[in-house]
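Subject: The two-chain model, handed over

Hi,

Here is the structure I promised to pass on to you. Please open it next to this email, and then read on for what I found in it.

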Amino acid sequence: MSKKEDKDKKTIHGGRNLIILCLGSIAIALITTSVSLYFYSKGDIYIDRSRPGYISEDEKHNTDDDIQEKYSNEGAITEKNLTEYIEELDRVSERINASKNDFGPDPLSDDNLMITSNDEEE
Amino acid sequence: MQKRINYSLVFAAMIVVFSSTSATAIKLNDNRIGAISQNCSIIKERLRRIESVGAKSRVYLGTQYESIYSGLMSNFSLRLMRNGIAKQDIANQQAAFQSERERFRNDFIGYSQELQSLIDMDCKNEPIKFYRQLEKTRKKRADITKSMERMDEIISKHRQSVLVIRDDLSKEDTDE
């Protein structure tokens, strides 16, 4: 076998390896993406705020959910700043209490979903 | 003897399954089955609206709980520590609140999955199956409310603990 033929054979072999590498990379990327998407669709999709259509634009602007209370972690503990802390806690509690019925049973009730028979309506 | 216990367990399980199925059957008379099939598109539309409102509420409540945990409780704990005040109840409340926040998140995911399955169901042709799924979804929704109640309880206890610290400080000042 001449030197030239030997060189050609090596080049062909390298090309095949490159194709295998590319296909392998694509296969690994597809598998990992599929696994990630599977887990995303089973859980995080329901709490992903950035998902298009999750909350409409109008609703986004009407919420005051960016209001956040913050208590400094530095400084002395005095009666006055403990009172301030309780006031801050009360402010957030008030906002939570205003939404305490948000997951109440009424929206999924038979009446609200119009699953009532005519006899019952009468 | 072991065999007899096994038979009793199977029989008990059958009774439980039968009673839950018949409970659904009692609630779901012919008129209701008809109402589900007839109002299927309206029901689905309402469910989608409930889904959207629920998502908005979850974001809002999640932010408020985050505010309590990161903005208030954690910083308060750290400040107490820096002032050499060790309060085990405060640390316990912080840990309990964090784990309940996680539970709230998981309860919401569980509820959303059931609600999504409900929306995807063919209520026109399978009203009984649809109603069973609706009952499952209601239970998951109730879990979220229970989680919220537990967090509310922790916040109340935390407030009470802070009041005790304040009263102690006040007494120390009076003594001096």
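What pattern does chain A follow, read along the sequence? The answer is α-α-α-α: chain A has four helices and zero strands. Buried residues make up 7% of the 122 residues in this chain.

Before you go further, please keep in mind that this is a predicted model. For the complex, the predictor gives an ipTM of 0.77 and a pTM of 0.77. Chain B has a mean pLDDT of 87, and 84% of its residues reach 70 or more. Within chain B, confidence is lowest in helix H1 (residues 2-27), where the mean is 56. It is highest in helix H4 (residues 88-120) of chain B, at 95. Where pLDDT is low, the predicted coordinates should not be read in detail.

Where the chains meet

How many residues does each chain bring to the contact? Chain A brings 46 residues and chain B brings 52 residues. On the side of chain A that touches chain B, helix H3 (79-98) and helix H4 (118-121) of chain A each supply at least two residues. H3(A) gives the most to this side, with 11 residues. Sorted by class, the side of chain A that touches chain B has 20 nonpolar, 14 polar and 12 charged residues.

A pair of helices in chain B

Next, have a look at helix H3 (residues 40-82) of chain B beside H4(B). The axes of these two helices come within 10 Å and cross at roughly 170 degrees. Angles over 145 degrees count as roughly antiparallel, so H3(B) is roughly antiparallel to H4(B). The residues of the contact of H3(B) with H4(B) divide into 13 nonpolar, four polar and five charged.

The largest nonpolar core

In soluble globular proteins, nonpolar side chains tend to be buried together. In this model, the largest nonpolar core has 36 residues. Those with the most contacts inside this core are B:Ile36, B:Ile68, B:Phe104, B:Phe130, B:Ile144 and B:Met151. Which elements give two or more residues to the core? They are H3 of chain A together with helix H2 (30-38), H3, H4 and helix H5 (127-175) of chain B. The largest share, nine residues, comes from H5(B).

Leaving out residues up to four places away in sequence, B:Phe104 touches B:Tyr65, B:Ile144, B:Ser147, B:Met148 and B:Met151.

A:Met114 sits in the loop between H3 and H4 of chain A. It has a positive phi of about 60 degrees although it is not a glycine. A:Met114 counts as partly exposed because it has 15 C-beta neighbours inside 10 Å.

B:Arg103 lies in helix H4 of chain B. With 16 other C-beta atoms within 10 Å, B:Arg103 is partly exposed too.

Enjoy exploring, and write back with any questions.

Best wishes

Technical notes. Residues numbered from 1 in each chain as written. Chains lettered and ligands numbered in written order. Predicted model: local features only at pLDDT ≥ 70, side-chain atom pairs only at ≥ 80, totals over all residues. pLDDT = per-residue confidence, 0-100. Contact = placed C-beta atoms within 7 Å. Nonpolar A, V, L, I, M, F, W, Y, C, P; charged D, E, K, R; others polar. Buried ≥ 20, exposed ≤ 12 C-beta atoms within 10 Å, placed from the backbone. Axes fitted to C-alpha atoms, helices over the stretch in contact; angles between N-to-C directions. Parallel < 35°, antiparallel > 145°, perpendicular 65-115°, else oblique. Core = buried A, V, L, I, M, F, W, Y, C linked by C-beta atoms within 7 Å.
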